[in-house]
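This report describes the fold and packing of the structure shown below. It begins with helix packing and then turns to the sheet and to local backbone features.

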Amino acid sequence: MSERHTDDETAVEVGDDVDALQAKVEQAREQVGKRIVGQQEVVEQLLVTILADGNALLESNPGLGKTTMVRTVAEVTDLSFSRIQNTPDLMPSDITGTEIIRETDTGREFVFEKGPVFANVVLADEINRATPKTQAALLEAMQERQVTAAGETYELPDPFFVLATQNPIDQGGTYALPEAQTDRFMLKLLVDYPEYDEEQTIVDLYTKGSETVPVEQTITREEIRAAQRHVRDVPIADDLRDTAIELVRATRETDDIEFGASPRASMALVVAAKARAFLHTRSHVSEDDIRALAAPVLRHRIILDFRAEREGRTPDGVIDELLAERL
Amino acid sequence: MTDEPTVPTDAGDTAGAADDRSSADTEPGGPSDTAGSAGDGGRGDAGDDARTRMERALGEVRRECWKAATVHAVAEAAVVFLAANLLFVTVEPSWLPARYPLPGSVNERLVDVLDVGRVSLAVPGSAALAAGIAVFVFVVAVAVRVRRPLVEQFEAANPPVREALRTARDAVGDDADSAMARRLYGDVLDRLGESSGLALVHGRRLAVTVVVAVLLSVATVQVAVVGPALFDAPADVREEGPDEPETNYTGLRDGDRVLGDSEAVEAGDEELNASIDSTGGGQDVGGDQQFPSDGGPGTGASGGGVDSQQAGFAAPEQIEDAELVREYNRRIRSGDGGDGGTSGDGETSDAESGGPGDGARGQDGDNS
């Protein structure tokens, strides 16, 4: 209890200095940029996910630095970090933990051995290579922020982020995440190939001298929690909030989309927009925030109608059209 | 404020100090600089202060919008007044009274102010009706402009502050008092200091309105002075002209100016029959007689025929001779004052003697 009291005091001290917090988040972004060349938008959206207390799904072809990016984000904070390499034979207990029999002075007893999910930042690498059962276990932990094993419930640490990566589902040996499960990711980030000059820099950076680029820790766990509280307090204009809601509702009504986004998407869009505003050192949400985050929030929550797919349309394209009608 | 009950007392001072720093960043010199040092109550005071200042700022924004709407409405009402007045003055509708007497109370007050005695003041009917229409237009123009939310108008006119002001407006409406809300209030207040209510005034539209008003004013003056016609002025106005003052002079005038251009006198060719009563003859009056007569008894006519002539005149060669003739004539009359043949003329005034007939006599006398 005393530890919690201390946390509150720290939170109050940290909480009122919004400018300092925003400066530290900006420093974290700069530190990540030292190691991740280009991909500024993806890095920004990753930080938005953290500030909004959400989870992110990163999708790209192999070799584009998804794992490095998530690991670097964890390094610039003092958050505990664990990595789960998903494979088809990975069991749920390999993630959540399991009870083991341990010899003690008083005899044998069952002890819960926490799995890698008990960390502040969990990198679930290639999540679509795990079986649906294992995916479900991870996603349940992600949603409930707790793990139940042998009748006991264990709280996950706070803050808790799952940053999952996946390769495109048309590659062999993958299990597509169920649509209901993907809804639990606040953002789906697409990591694209770098530009030519960026790739030159990447090659130079990682083929000369040291194999790793050092980064500094710039923000603490308490500061992240304080920032998360401030993010939720970022004011948003009523009409802008309504625009976000109308956009999400439009995904359920347009003919191009077979299944639209849920109200969870509306909440995710608004809070992510607030986080982006905070990241940009603003005190209010702007239209740009909604515009920038509409696709990352909605692209994995909608299923296109087969006619739209036949016409070669993409979720991002349909979202852009819906967005253009409103902003 | 919502966090206040859960904040430990020792942390409350910290909160107040931190709040103080925040206020100093965004609201330099404001009352909130001291509010934050109040310890536990600092956060609430600073929050209330920021929100109050924001509410006041929104009130100022609304007043600026009212001012802008009034400026436009006044200009448009002035144009309507001038146009309507010009129209009524030009058309002069029969149903429009020439003058509207002022109401008694207004009349008395104006009379007192103007100190013009006991008179009944009135305004021209055209002006009164035009003023009524202008007032109606003014009210409608203001109502139309303030129909849209005023703060939104200000936001539209000041794009840099649009989103922040819109959000702050909603935050104030929601009684938001978080650190981020206070930061937003301070930010908006700073930005409002840089924005201007002049952006609410559509300069081009206002300029066009003013130009139209000036043109209508000129047209109104033109109609009042010389009438509605621009190029077809009345003939009498052109001939007499404003440079010839009206006088009471009834003496000799330039014949050319009175009768027009001179022309050659020619013998007339029109013959008229006339019947003249005569006395002193022995004949009945009712008898038919033929004129010109042959000079029979009682006719009083001399022998020769009478040729009719058309009236005409010869312009004097020198107009200054008229004064000489007039003087000469006066002397003759004064000299022949007892002459029975001119007994009436001897008492005529100078003005009467200046007639054309006198001139003819003068000429005769002069000639003799």
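## Conventions

Axes are lines fitted to C-alpha atoms, for helices over the stretch in contact, and angles run from 0 to 180 degrees between N-to-C directions. Helices (H or I, at least four residues) and strands (E, at least two) are DSSP runs, numbered from the N terminus.

The model is predicted: local features need pLDDT of at least 70, side-chain atom pairs count only at pLDDT 80 or more, and totals for chains, interfaces and linings use all residues. Residues are numbered from 1 along each chain as its sequence is written, while chains are lettered from A and ligands numbered from 1 in the order in which they are written.

## Helix packing in chain A

Helices α11(A) and α12(A) pack with their axes 9 Å apart, at an angle of about 135°. The two are therefore oblique to each other; angles under 35 degrees count as roughly parallel, over 145 as roughly antiparallel, 65 to 115 as roughly perpendicular and the rest as oblique. The crossing of α11(A) and α12(A) is right-handed, a crossing being left-handed if the near helix is turned anticlockwise from the far one by less than a right angle, and right-handed if clockwise. From α11(A), the contact is made by A:Ala265, A:Ala268, A:Leu269, A:Ala272, A:Ala273, A:Arg276 and A:Ala277. Its partners in α12(A) are A:Asp289, A:Ile290, A:Ala292, A:Leu293, A:Ala294, A:Val297 and A:Leu298. Two residues are in contact if their C-beta atoms, placed from the backbone, lie within 7 Å. By class, the contact of α11(A) with α12(A) has 12 nonpolar, no polar and two charged residues. Ala, Val, Leu, Ile, Met, Phe, Trp, Tyr, Cys and Pro count as nonpolar, Asp, Glu, Lys and Arg as charged, and the others, Gly among them, as polar.

Helix α12 (residues 287-298) of chain A also packs with helix α10 (residues 238-253) of chain A, at an angle of about 25° and with the axes 11 Å apart. These two helices, α10(A) and α12(A), are therefore roughly parallel to each other, and α10(A) passes α12(A) in a right-handed crossing. On the α10(A) side, A:Leu240, A:Thr243, A:Ala244, A:Leu247 and A:Thr251 meet A:Glu287, A:Ile290, A:Ala294 and A:Leu298 of α12(A). The residues of this contact divide into six nonpolar, two polar and one charged.

## Overall content and the parallel sheet

Chain A contains 14 helices and 11 strands. Of its 327 residues, 44% are buried; a residue is buried if 20 or more other C-beta atoms lie within 10 Å of its own, exposed if 12 or fewer, and partly exposed in between, with C-beta atoms placed from the backbone. Among the contacts in chain A with a separation of 6 or more, 79% join residues 24 or more positions apart.

Five strands of chain A form an open sheet with parallel pairing, in the order β2-β5-β8-β1-β9. At its edges are β2 (81-85) and β9 (187-190) of chain A, each pairing on one side only. The twist averages 20° from one strand to the next. Two strands pair if DSSP finds at least two bridges between them.

## Strand β8 and its surroundings

Strand β5 (residues 121-125) of chain A pairs with β8(A) in the parallel sense over four bridges, with A:Ala124 opposite A:Ala164. Four bridges also join β1(A) to β8(A) in parallel, where A:Leu58 stands opposite A:Thr165.

Strand β1 (residues 56-59) of chain A pairs with β9(A) over four bridges, again in the parallel sense, and A:Leu58 stands opposite A:Leu189 there. Helix α3 (residues 40-51) of chain A lies across β1, β8 (161-166) and β9 of chain A, running at about 165° to β9(A).

## Local backbone features

Most residues other than glycine have a negative phi, and most peptide bonds are trans. The peptide bond from A:Asp158 to A:Pro159 is cis, with omega near 0°, and A:Pro159 is found in the loop between β7 (152-155) and β8 of chain A.

A:Thr281, not a glycine, has a positive phi of about 55°. A:Thr281 is found in the loop between α11 (263-279) and α12 of chain A and counts as partly exposed, with 13 C-beta neighbours inside 10 Å. In chain B, B:Asp175 has a positive phi near 60°. B:Asp175 lies in the loop between α7 (159-173) and α8 (179-194) of chain B and is exposed, with 11 other C-beta atoms within 10 Å.
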